[in-house]
Amino acid sequence: MEKLIVKGGNRLVGTVKTSGAKNAVLPIIAASIMGVTPSHFDEVPMLEDVRTISEVLKSLGIKVESKEKNVLDIDSTTINSYEPPCELMRNMRASFFIMGPLLARMGKARIHMPGGCAIGARPVDIHLKGFEALGVVLKQEDGFIEATTPNGLKGATIYFDFPSVGATENVMMAAALAEGVTILENAAEEPEIVALANYLNKMGAKVRGAGTDVIRIEGVKELRGADYTIIPDRIEAGTYMIAAAMTGGDVIIDNVLPEHQKPLIAKLREAGAIVEEDIDKVRVIGTGSLKGVSVKTLPYPGFPTDMQAQIMAMMVVSEGNSRVTETVFENRFMHVAELNRMGAKITTADRSANIEGPAKLVGCDVRATDLRAGAAMILAGLVAEGETRIGDLFHIDRGYEDIVEKLRNLGADIERVDV
Ligand code: UD1
């Protein structure tokens, strides 16, 4: 079994480059299914989730090849199946992104209900309602969804009950090849949705309004493959920004779009850190003492739920009381018990957490209970006394490229060991 061993106390100093965004690359890889010619991708983060979705595509007869690090070539001309094996689908919720592209390309799909991090129930009802509005007929049995399009895909106006990121992306992909115009209302506005729309448009799609809550998709007959460079991972960048603030460090985070980091930058400044913004860089200087802040997670442009665990780790060592309200997921406080094990003083009630700071953290054995919770454990370990040993690393591997090397380059004492 592998563990990360973090010895706390080092100030992080230097420059770290952000990798391509996990949450952008996964739907984009799924969208490449619809290309009648090959696609080429740069700045692809080499993550476990990327390997999983690549395996899903290969199981459909698609050629996926990575000739060098951070580069991926996908040739979907050889697609011959609409039925990926269920073990690949169960591993990762984002595998469900192939549903829209498969319906558009093959006219049907038979796939297992998705898995992924255990953060709440995470149903796919909004995706399915969207597909039905486009004319998809669904049958669910034994954990499988069988979807067919007896009359083809037809454009429709769809109002999402909640601005679900995945549903917006999945339905947008299917609508790109539907007959007529689809309007998505109360759509998610995340930068990763804009990235997907940009890739689809390079393929020949006609998507307008991505990044706002109304997206208009005029269906086209065919999509070609396209070359696309994956946007920077705002959550990975944000994690290093918090690491700099917490350790009283001075870190330049390179390959960041500061406008994607607005809510985090505001909270870091409110807590007392210095944040300098450049076109594609952010410098964070920790001033040595941080103040407690309050954060409420919301769909973009609100504070991202994917940064909630990491900012909570910062609150633990900040002066005074902090509060976190999680409105996006109903069960995303699993890191609380792990942080408390290290000496944090956090209490939760329903979807809120109160953090009494500053706590003196002491290293011990903890678990990465989900991807971002794992990042929070690393952050806590960086400032804890002694040694923090983090297990269940597969969660962290899903979303952080080269995290050990990147942190070591900044001066952290962290290593991955077999125990
Ligand atoms: C995506 C991100 C994830 C992030 C989340 C919210 C990817 C690969 N993952 O996940 O990192 O935490 O956005 O920013 O991009 N819901 C339903 N029914 C549905 C779909 C969603 O009830 O059909 C609920 C979910 O249970 C959750 C909330 O809506 O409570 C948000 O989910 P959604 O925005 O869909 O997140 P994901 O696309 O799964």
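1. Residues are numbered from 1 along each chain as its sequence is written, and side-chain values use heavy atoms, with hydrogens and water left out. Because the model is predicted, local features need pLDDT of at least 70 and side-chain atom pairs count only at pLDDT 80 or more, whereas totals for chains, interfaces and linings use all residues.

2. The ligand is surrounded by 18 residues, of which the closest are Asp125, Ile126, Ser164, Asp306 and Val328; a residue counts as near a molecule if one of its heavy atoms lies within 4 Å of it. By type, this shell holds eight nonpolar, five polar and five charged residues, where Ala, Val, Leu, Ile, Met, Phe, Trp, Tyr, Cys and Pro count as nonpolar, Asp, Glu, Lys and Arg as charged, and the others, Gly among them, as polar.

3. An oxygen atom of the ligand lies 2.6 Å from an N or O atom in the side chain of Ser164, a polar side-chain atom of Arg93 is 2.7 Å from an oxygen atom of the ligand, and for the side chain of Asn23 the distance from an N or O atom to a ligand oxygen is 3.0 Å. Of the 730 Å² of accessible area that the ligand has on its own, the protein covers 88%, with areas taken from the Shrake-Rupley method with a 1.4 Å probe.

4. The elements that give two or more residues to the shell around the ligand are α5 (125–133) and α6 (165–176), and α5 gives the most, with three residues. Helices (H or I, at least four residues) and strands (E, at least two) are DSSP runs, numbered from the N terminus.

5. Helix α1 (residues 22–31) and helix α2 (residues 48–58) have axes that come within 10 Å and cross at roughly 5°, which makes α1 roughly parallel to α2, a term for angles under 35 degrees. The contact (heavy atoms within 4.5 Å) involves Lys22, Val25, Leu26, Ile29 and Ala30 of α1 and Asp49, Val50, Ile53 and Leu57 of α2; these residues divide into seven nonpolar, no polar and two charged.

6. Most residues other than glycine have a negative phi, and most peptide bonds are trans. The bond from Tyr300 to Pro301 is cis, with omega near 10°, and Pro301 lies in the loop between β17 (294–297) and α10 (308–316). Glu43, in the loop between β3 (39–42) and α2, has a positive phi near 60°.

Key:
A polar contact is a pair of N or O atoms within 3.5 Å; within protein, one must be able to donate a hydrogen and the other to accept it, and residues adjacent in sequence count only if both atoms are side-chain atoms. Axes are lines fitted to C-alpha atoms, for helices over the stretch in contact, and angles run from 0 to 180 degrees between N-to-C directions. Angles under 35 degrees count as roughly parallel, over 145 as roughly antiparallel, 65 to 115 as roughly perpendicular and the rest as oblique.
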